[in-house]
Amino acid sequence: MKSYACCQAADILLPARQTIEEGKWAAIACDQFTSEPHYWEAADRLVGDAPSTLRIMLPEVYLNETAERLPAIHAAMKGALADHLICHNNAMIAVARTQSDGRIRRGLVAQIDLEQYDYRKGSTALIRATEGTVLERIPPRVAVRRDALLEMPHVMLLIDDPDATVLEPLFEESIPHEIAYDTDLMLGGGHIKGHFLTAEEQSRVLRTLDALITPEAMTARYGDATLAPLLFAVGDGNHSLATAKASFEEIKAAIGEEAAASHPARYALVEIVNLHDKALSFEPIYRVMFGVDPTDVLESLRAYVANLSGTAAPQNVRCIGAFEAQDVVIERPVQQLTVGTLQAFIDEYLSTHPGASVDYIHGVESTSALASKPDAIGFLFDGMEKSQLFRTVIYDGALPRKTFSMGHAQDKRYYMECRKIK
């Protein structure tokens, strides 16, 4: 069997369990609660002076304060390396995450080779984006990463493993393992427990990953052995992984391909999750527009969809705000997914209304709260089925940006592990 070797063990840094409070160390991914600063203020109060990943990352709600915040973040990275972090060489970590609904999602923390990842639409790389990448969002994130000593993974990569051959065997209780961490997570994040894999388990993981993309496996799942194999589809953290790729390309251009081949920035730490994990659900990512006249947006949306003449099945968007909710039925959509139709309208509207903006929101409750402002309007709609994901990406390329979210915001990845990138 051909070995693709795009997934490897990593030198993973973790805080000493005896000297820190793991529940305060772990903070939620930076791209959550982007319109809710009160969440991050609550996290700040809870952490206080305790060692925490909250101090070595930049929540995206504060992206406009990047220049002011970066020096303290980089200083905190140096402090964490000196005082708290211990390196576990050639490690992989099996992760059991108890979500807010009580279900347990299983994953594996390892590193992937960015040389085998491509976020461009139409890519045939082994690791691909599942949604459109907004290129203008990458440079400010590269600026954050450029002088960083550490990376922390909130990227979640999906595998299409309906027979549960790769990850599920790692959680057999009869096998003793060394615990990596075990703690409740702050602010409704549930619980997380991780254990290190043995060398034998690591080898088996790599073999079973390769088996997912043999010609026989591609035929069985997608009906065509000649399709370019897709091993990992980005489920969460698309722009973070794109940033890691762009940052590595910048380094490679500066030091040359030969030196870059062994540079730590060639790799990125991720969590791998089975698309078929019963605890993994796909939730729509809703939209809220700000700085707009809701009546004008509604009228413009109705006019926009009335002019469509596609052949996709009819769709429905529920418009909410400081007015009585209204449904807009899209009779002849061009896009296969409701979110694609809506995003095309929003992009067109924003291009002609300079004061307007849009944010991407997880959860009906948060969307409703933000849309209740006088100059805002929110959009609710049905999401895609997760079983559609790999086939759609393989045949059609990346989905519209922010198409889906894997579960609720509080169930997203919390930063726990670190890795040196310099």
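**Entry 1: the second largest pocket.** I began with the lining of the second largest pocket, which by class has six nonpolar, eight polar and four charged residues; here Ala, Val, Leu, Ile, Met, Phe, Trp, Tyr, Cys and Pro count as nonpolar, Asp, Glu, Lys and Arg as charged, and the others, Gly among them, as polar. I note that this is a predicted model, in which local features need pLDDT of at least 70 and side-chain atom pairs count only at pLDDT 80 or more, while totals for chains, interfaces and linings use all residues. Residues are numbered from 1 along each chain as its sequence is written, and side-chain values use heavy atoms, with hydrogens and water left out.

I then looked up the space in the second largest pocket and found about 430 Å³. Of its 18 lining residues, Gln335, Leu337, Ala398, Leu399 and Pro400 are the closest to the centre. A pocket is an open set of points on a 1 Å grid over the protein atoms alone, with protein on both sides within 12 Å along at least five of seven lines, and lining residues have an atom within 4 Å of a point. A volume is the space filled by probe spheres set on points joined across faces, edges and corners.

Helix H10 (338-352) and helix H12 (389-396) are the elements that give two or more residues to this second lining, and H10 gives the most, with four. Helices (H or I, at least four residues) and strands (E, at least two) are DSSP runs numbered from the N terminus.

**Entry 2: Gln343.** I stayed with helix H10 and picked out Gln343, which lies in it. Is Gln343 buried or exposed? I found that Gln343 is buried, because its relative accessible area is 4%, where buried means under 20% (1.4 Å probe, protein chains only). Gln343 touches Arg287, Tyr360 and Arg401, leaving aside residues up to four places away in sequence, and contact means heavy atoms within 4.5 Å.

**Entry 3: the largest pocket.** I next turned to the largest pocket, whose volume is about 800 Å³, and wrote down that, of its 32 lining residues, Thr34, Ser35, Asp359, Tyr360 and Ile361 are the closest to the centre. Helix H2 (37-47), strand S18 (357-362) and helix H11 (364-371) each supply at least two residues of this lining, and the largest share, six residues, comes from S18. By class I read 12 nonpolar, 10 polar and 10 charged residues.

**Entry 4: cavities.** I went on to the cavities, sets of grid points where a 1.4 Å probe fits but cannot get out, and by this rule the count comes to three of 30 Å³ or more. The largest cavity has a volume of about 480 Å³, and of the 25 residues that line it, Cys30, Val144, Arg145, Ser240 and Tyr415 are the closest to its centre. Its lining divides into 18 nonpolar, three polar and four charged residues, and H7 gives the most, with four residues.

About 210 Å³ of space lies in the second largest cavity. I listed Asp31, Glu131, Asp236, Gly237 and Lys402 as lying nearest its centre, out of 19 lining residues, which divide into three nonpolar, nine polar and seven charged.

**Entry 5: the core.** Which residues touch the most other members of the largest nonpolar core? Of its 95 residues, I found Phe232, Leu241, Phe379 and Leu389, where a nonpolar core is a set of buried Ala, Val, Leu, Ile, Met, Phe, Trp, Tyr and Cys residues joined through side-chain atoms within 4.5 Å. Strand S15 (residues 282-290) gives the most to this core, with six residues.

Notes
Buried < 20%, exposed > 50% of the residue type's maximum accessible area, 1.4 Å probe, protein only.
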